[in-house]
Amino acid sequence: MGRFVTIKDIAKKLNISVSTVSRALRDTYDVNQETREKVLAMASELNYRPNFNATGLVNRSSHNLAVILPFVTNYYFSTVITGIQEVAYQQDYNIILHITNDAPERELSIVKNLAVSNLDGLLIAVSSDSDAYTHFQQVIDAGVPIVFFDRVPDAIHTSKVMQDDYNGAFEAVEHLIEKGYRKIAHIAGPEGLGFTQKRKKGYLDALQKHGLPVKEEWIVHSGFAQENGQADAAILFSRKDRPDAIFAANDRKAIGAMITLKEQGIKIGKQVGVIGFTNDPAATIVSPTLSTIAEPAFEIGKKSCELLLKHIGKRNFIPEEVILPGTLIERESTRR
């Protein structure tokens, strides 16, 4: 269904009046048991959720915001949440947190089962292979505003807050080139994600600008974990034509790549440069320390929540797309 089910839909299906459905759902004394059971069965079949906004309680505010995230254990998302909370708590809003573990089926089930009547708005970073877009649209159509951050679907017209993936990647690769590296590989995120594509485009455009070769076999797509980075680097360095630098889609992958290089006795920096993207605290702990593009995670959280509160306060608020710049941090992993 393209929208949320209303009591009108139930009434139409059962060929009874809307007021009878309403009374059956409220369990009033003047509806017989058989009718009530029919109504409840149909409500369940149609996946009906009571919408308190439609029952004359239009000005009622729950002061609850839901946040849907792929992960809570990684530094980036935990920092985003801190930014969200700062704004929410100042305005007396509660946060209800849902974690998808980057699984699209879990994301879909969370969105389907949201108690929308008990929410004023949603903040969402979608999972890697998300196909819940029609469900997000249904939530918006039901009058609950959504703001997307970090991982955003292009298809939905609402406010979005992102970091500048393209320019961050461009700057990372240009930094490697300035340091004298010429054969630059890219260990990328999952291919379907918008920001994977933007970081890859930044990588390709920087190579093109400096007249350096683009080799398909030097681009490896996989997940975001450290193990993925290890495996990606193992693929790159099992071949005859080896790169002399790696731009990783995030710091965890970069650190994974560094582990593989160390295992192969390759000197990081001197022989092969490595740069990441995030500025995870681990970047300063690993040896050698990791050069990276610092993402404005805290600001992304704050800005997302501020925009959501504007949507909540003003139903016809015009959606905004906000792109926040990252910052290049040079450390030992790109020093020859």
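**Entry 1: strand β11.** I looked at how the side chains along β11 are arranged in this predicted model. Buried means under 20% relative accessible area, exposed over 50%, and partly exposed in between, with a 1.4 Å probe and protein chains only. Strands are DSSP runs of E, at least two residues; helices are runs of H or I, at least four; both are numbered from the N terminus.

**Entry 2: ground rules.** I noted that residues are numbered from 1 along each chain as its sequence is written. Local features need pLDDT of at least 70, side-chain atom pairs count only at pLDDT 80 or more, totals for chains, interfaces and linings use all residues, and side-chain values use heavy atoms, without hydrogens and water.

**Entry 3: the sheet.** In what order do the strands of the open sheet run? I read β2-β1-β3-β4-β5-β11, 6 strands with parallel pairing. Two strands pair if DSSP finds at least two bridges between them. β2 (94-99) and β11 (321-324) are the edge strands, each pairing on one side only. The twist averages 15° from one strand to the next.

**Entry 4: around β5.** I checked the partners of β5. β4 (146-149) pairs with β5 (160-163) over 2 bridges, and Phe149 stands opposite Val161. β5 and β11 pair over 4 bridges. Val161 also stands opposite Val322 in β11.

**Entry 5: a helix.** I followed α6 (133-141), which lies across β3 and β4 and runs at about 140° to β4. Axes are lines fitted to C-alpha atoms, for helices over the stretch in contact (heavy atoms within 4.5 Å), and angles run from 0 to 180 degrees between N-to-C directions.
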